[in-house]
Amino acid sequence: MLFEQLGLSTNILRAIADEGYVRPTPIQEKAIPAILEGKDVMGGAQTGTGKTAGFTLPMLRRLEKYESTSRSPAKHPVRALILVPTRELAIQVSESIKTYGKYTNLKSTLVYGGVNIDTQVESIRNGVEILVATPGRLLDHLQQKYLSLSRVEVLILDEADRMLDMGFLPDIRKILDTLPENRQNLMFSATFSNEIKKLANQLLNEPVLIEVAKSNSINNLITHVVYMSRTNLKAEHLVHLLKEKNLDQVLIFSRTKSGVDRLKKYMDQHGIVAAAIHGDKNQLQRCQAFNDFKQGRINVLVATDVAARGLDIDELSCVINFELPTNPEDYIHRIGRTGRAGSKGYAISLVSPEEKKQLVEIEKLLQKKIQVEQIDYANKKQNEKLKAKNTSPQRDKKAGRGEPKQNHRSTVSDLNIAEVIYFNGKHINREIKSNKANKHDPLFTQPYVSTKSEHELNNDSVLKTTKKRQGKRNYNRGPVPALFAPPVNK
Ligand code: AMP
């Protein structure tokens, strides 16, 4: 199907062509005609499916009849309201409206919390047809009578599940009370809890149900890789992974705000320029971090789930889960930042033994088993054997550079892992091959030996909390078997 067949106007089609979109995504194919017919819609779709254009394009088409070049604010009442959970998503949706509506005379603006309200009041007072808002700040505007929503014809709830998770339901209800009864309602949600279903029942009138991008459809685009890694070694493994694989534009998820801060600090200490975003960062800091990341000034962005919601980053090839999320659906949201709109992506997770339960839940949701390989920390004997082999002076001499020989296949488990990686991700394998001439060993093709002493590990700020939890257990910190078999030089 082509965009031209969907009933959109020439001005909107021009804007789509400027973006280089060739054909509508599945959700666009289904949602655009239904919305143009004036129907209520319940859309089950994750980010990365093209859902923003799916509701923005027909919304613009429906509002085109109100286009006006008049400067009078009275000629530009709010006709469409889009509620979103976060500032980042508000910015992203607003940018999409401006992009797709650039050849129309429709005006839009956005309001969200954490910034001065005055400039927002100013732009609303000038009159806008389309308003994108987070619920809390919108309520402030309504309560202070800075705006009226009495002419709204289209209401869109985007990422409704996340708004409910964030406790916005009471605010949403208050906002709904200020809207006219007669309007079109569109609701998008990645997940369908009972609460969401209840809200949908109350809000939507005989909705058209559109469900695309079920969690398992993401699998086709994204390669999932899991490394078993003890909690107290994760930071070190992560840095190793980033450096050795030269990963570009990586979004790393950590569960808590303090975890994000600690991880960023750890990276700074290890020569990786990273930025952090989470709920305690102010809007300026968040925008700065996001822009630096988007424009490639920094390669690594560490974020919590909530902060990362709505980040619109094209071509993000890799997402790393420093910890698995407690809610398996958040895994889908996280990896939705990569593998977007047809391009391939990699979802790498560092999984501690304590997180195995979460991994099982994620696999259930993906309807797919993720191949997991365990680094055998406990097998002291094997580690010692490996250590002896790798530090043997004879071997070093043979390798000629004081490093273990490149094409040495040391253990059966190395071979297994090489096969897994080959099966799971051609990209990773290619990288190993292309590194043949590289002086350094490719990632994990050699047994992993901590560069830190026991004393340093004990004092590492990132590891302190986990150590407390682990009490006096003494893990073997000897070398661990390699993760990949080294490339064979032909
Ligand atoms: P979304 O799911 O709305 O966050 O969109 C994900 C990405 O897909 C955005 O970067 C859009 O620019 C892009 N996109 C949306 N629709 C299309 C399309 N029909 N063809 C190609 N890319 C698209």
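A residue counts as buried if 20 or more other C-beta atoms lie within 10 Å of its own, as exposed if 12 or fewer do, and as partly exposed in between, with the C-beta atoms placed from the backbone. The model looked at here is a predicted one, where local features need pLDDT of at least 70, side-chain atom pairs count only at pLDDT 80 or more, and totals for chains, interfaces and linings use all residues. Residues are numbered from 1 along each chain as its sequence is written. Helices (H or I, at least four residues) and strands (E, at least two) are DSSP runs, numbered from the N terminus.

Seen in order, its 7 strands run 3-4-2-5-6-1-7, forming an open sheet with parallel pairing. Strand 3 (108-111) and strand 7 sit at the edges, each pairing on one side only. Two strands are said to pair if DSSP finds at least two bridges between them. On average, neighbouring strands in this sheet are turned by 15° against each other, direction ignored; the axes behind such angles are lines fitted to C-alpha atoms (for helices, over the stretch in contact), and angles run from 0 to 180 degrees between N-to-C directions. As background, strands of a sheet pair through backbone hydrogen bonds, either parallel or antiparallel.

Strand 3 is an edge strand, yet both of its faces are covered: Ser108 and Leu110 on one side are buried, and so are Thr109 and Val111 on the other. Strand 3 runs parallel to strand 4, and 4 bridges join the two. Ser108 has Ile130 as its bridge partner in strand 4, while Val111 stands opposite Ala133.

On to strand 2 (residues 80-83). In a regular strand the side chains alternate between the two faces of the sheet. In strand 2, Ala80 and Ile82 point one way, Leu81 and Leu83 point the other way, and all are buried. Strand 2 is joined in parallel to strand 4 (residues 130-133) by 4 bridges, and it also pairs with strand 5 in the parallel sense over 4 bridges. Ile82 has a bridge partner in each of these strands: Val132 in strand 4 and Ile156 in strand 5.

Glu159, in the loop between strand 5 (154-157) and helix 7 (160-165), has a positive phi near 50° without being a glycine. Glu206, in the loop between helix 9 (194-203) and strand 7 (208-211), also has a positive phi, of about 40°. Glu159 is buried, with 27 other C-beta atoms within 10 Å, whereas Glu206 is exposed, with 6.

Next comes helix 10 (residues 234-245). Its 12 residues reach 16 Å from the first C-alpha to the last, close to the 16 Å expected at 1.5 Å a residue; the expected span is 1.5 Å times one less than the number of residues. Among its buried residues are Lys234, His237, Leu241 and Lys245. Just after helix 10, Asn246 takes a positive phi of about 50°. Lys234 has 22 other C-beta atoms within 10 Å. Leaving aside neighbours within four places in sequence, Lys234 is in contact with Ser229, Phe322, Leu350 and Ser352.

Strand 13 pairs with strand 8 (residues 222-228) in the parallel sense over 7 bridges, with Leu350 as the bridge partner of Tyr227. Strand 12 (residues 318-321) is also parallel to strand 13, joined by 4 bridges, and here Cys318 stands opposite Tyr346.

Notes
Two residues are in contact if their C-beta atoms, placed from the backbone, lie within 7 Å.
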